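Dear colleague,

Please find below the structure that I am handing over to you. My findings follow it.

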Amino acid sequence: MVAGSRAPCRAGGVEVELHDFRSEKQHDVVTISENYLQGITLRDYQTHAASKALTLRRGILDIPTRGGKTEVMACIAKYHIEVENPTKGFFLVIVPDSGIMAQTYQRFLDRGLTSVGRLGNNHRELEKDVV
């Protein structure tokens, strides 16, 4: 959709109009290497997914079960904190339950992200860069 364009839509008897005012600004191409994270060699599809998400600055990543979604998130979080906003960066990860929160927290630490906090399940570590 072109910036400032309008897209009328009728669904369920309700007319909805979308106004998209995002800029069409070109962003620098970001390339994530296979050794970007500590303790793991990323697969080519993981580096491609992280690089594309960071270059486009938005999107939905469709990665199958056991495809390394947490590693791709860790790449994006690390780049965002270290490159995009090193002095005021903040990255929020939302997960559906406390078990996945514990796994994601530990995996981020294992991958070299040092400022990782948690919110939920009796944790309230909001002063960190990644929560």
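Predicted model: local features only at pLDDT ≥ 70, side-chain atom pairs only at ≥ 80, totals over all residues.

Helices in this account are DSSP runs of H or I with at least four residues, numbered from the N terminus.

Helix α1 itself covers residues 44–56. Its 13 residues should span 18 Å at 1.5 Å a residue, and this agrees with its end C-alpha atoms, which are 18 Å apart. The buried residues of this helix are Q46, T47, A49, A50, S51, A53, L54 and T55. Part of what covers them is α2, which comprises residues 69–84.

Which residues does S51 touch, not counting those up to four places away in sequence? The contacts of S51 are with V30, T31 and I32. S51 has a relative accessible area of 11%, and it is therefore classed as buried, the cut-off being under 20%.

Is I94 buried or exposed? The relative accessible area of I94 is 74%, so this residue counts as exposed; the cut-off for that class is over 50%. I94 is located in the loop between α2 and α3, the latter being residues 98–110. Together with F90 and L92, I94 forms a nonpolar patch on the surface, and the accessible area of these residues together is about 350 Å².

With kind regards

Note on methods. Residues numbered from 1 in each chain as written. Heavy atoms only, no water. Helix = DSSP H or I, 4+ residues; strand = E, 2+ residues; numbered from the N terminus. Buried < 20%, exposed > 50% of the residue type's maximum accessible area, 1.4 Å probe, protein only. Contact = heavy atoms within 4.5 Å. Expected span 1.5 Å × (residues − 1). Patch = residues over 30% accessible without salt bridge, like charges linked within 9 Å, V, L, I, M, F, W, Y side chains within 5 Å. Areas by Shrake-Rupley, 256 points an atom, 1.4 Å probe, with all protein chains shown as cover. Salt bridge = Lys/Arg side-chain N within 4 Å of Asp/Glu carboxyl O.
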